[in-house]
Amino acid sequence: MLADSFPVLKRRRFAIADSMDAQISTEKLDAAKKLYGREIRVFETTSAMISQTSNDASGSEEQDELEFTPEDYYRILSTKKEDKYLKTKKIRDAETAARRSRMTKAVIRVRFPDNHTLEATFHPSETMQSLFDLIVKVVARPDLPFYIYTVPPKKLINDMSQDFYSAGFAPGAIVYFSYDPPQGDDIAQVPFLKEEVMFLKGVEVTPVQKPEPIDQPAPEPVAAAAPPARKPATDKKMVKPKWLKM
């Protein structure tokens, strides 16, 4: 009985440790949210993620190189005519507004040259300026000029008044960070994220399973008292009545 309870005790001990780790992670993320005004995460960009991005980029380039046939042209043209004549501008605007209202957040990932990624959550109606302001708060050298861009193809983000939904950044997007130092300056050893931001690296909040209760031995079933057995009816001796004459 005692030996059987050891695995249960170990699971309970691990569950308590996981609960403490989850609490510490939650406190770190909450403190970062108060400091920077939004939810942020930091993780290292793995080679698998980079290759996946490269595959997506190469796939889009291959798609651009496909031959555009006359059938494709007439199909697209007929679709545009159908949208133009069957849907009024009011209907199209209403559909766009409905799609936009269903999006409640834009998760933006900023990748740095040192293979670290900063993830932040915005509202789709917020502008690029909010992303720029956050980067200024988290980078180690905000005094150095920098720029952010998207790929492929490489396109600088210059319009800070554009909101994330209009830019196609909702529900999520990946942008890249690069310093833009003056000519001749060497910034090879310049760190990218602040030390306190790097403390969030790998911090995740995962649901903790409740510890399983220790199995208690099931009570032995109590045998119900058997009802008293009925005595079989015995054959009564036949008695000849006095009035019967044979």
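Me: Is arginine 109 buried, partly exposed or exposed?

Reply: The classes rest on relative accessible area with a 1.4 Å probe and protein chains only: buried is under 20%, exposed is over 50%, and partly exposed lies in between. Arginine 109 has 27% relative accessibility, so the residue counts as partly exposed.

Me: What should I know about the model and its numbering?

Reply: Residues are numbered from 1 along each chain as its sequence is written, and side-chain values use heavy atoms, with hydrogens and water left out. This is a predicted model, in which local features need pLDDT of at least 70 and side-chain atom pairs count only at pLDDT 80 or more, while totals for chains, interfaces and linings use all residues.

Me: With which residue does the side chain of arginine 109 meet in a salt bridge?

Reply: A salt bridge here puts a side-chain nitrogen of Lys or Arg within 4 Å of a carboxyl oxygen of Asp or Glu. Arginine 109 lies in strand E2 and its partner in strand E3, so the pair ties together parts that are 10 residues apart in sequence. Helices (H or I, at least four residues) and strands (E, at least two) are DSSP runs, numbered from the N terminus. The N to O distance is 2.7 Å, and the partner is glutamate 119.

Me: Which residues are linked in a network of salt bridges?

Reply: Glutamate 119 also meets arginine 41 in a salt bridge, at 2.7 Å from N to O. Glutamate 119 lies in strand E3 and arginine 41 in strand E1, so this pair ties together parts 78 residues apart in sequence. Glutamate 119 counts as buried at 11% relative accessibility, whereas arginine 41 counts as partly exposed at 21%. The linked residues are Arg41, Arg109 and Glu119.

Me: How far apart are the closest N and O atoms of glutamate 126 and arginine 38?

Reply: Glutamate 126 sits in the loop between E3 and H5, and arginine 38 in the loop between helix H1 (6–36) and E1, 88 residues apart. Glutamate 126 is partly exposed at 23% relative accessibility; arginine 38 is buried at 15%. The two form a salt bridge, and the closest N and O atoms are apart by 3.0 Å.

Me: In what order do the strands form the sheet?

Reply: Two strands pair if DSSP finds at least two bridges between them. Strand E1 (40–44) and strand E5 (155–156) each have a single partner strand, so one side of each is left without a neighbour in the sheet. The sheet is open, its pairing is mixed, and the order of the 6 strands is E1-E3-E2-E6-E4-E5.

Me: Which residue in E6 is the bridge partner of tyrosine 149?

Reply: Strand E4 (residues 146–150) pairs with strand E6 (residues 172–179) in the antiparallel sense, over 4 bridges. In E6, the bridge partner of tyrosine 149 is tyrosine 176.

Me: What is the omega of the cis peptide bond that joins proline 152 and proline 153?

Reply: Proline 153 is placed in the loop between E4 and E5. A cis peptide bond also joins alanine 170 and proline 171, with omega about 10 degrees. For proline 152 and proline 153, omega is about -15 degrees.

Me: What is the phi of asparagine 115?

Reply: Asparagine 115 lies in the loop between E2 and E3. At 36% relative accessibility, asparagine 115 counts as partly exposed. The residue is not a glycine, yet its phi is positive, at about 70 degrees.
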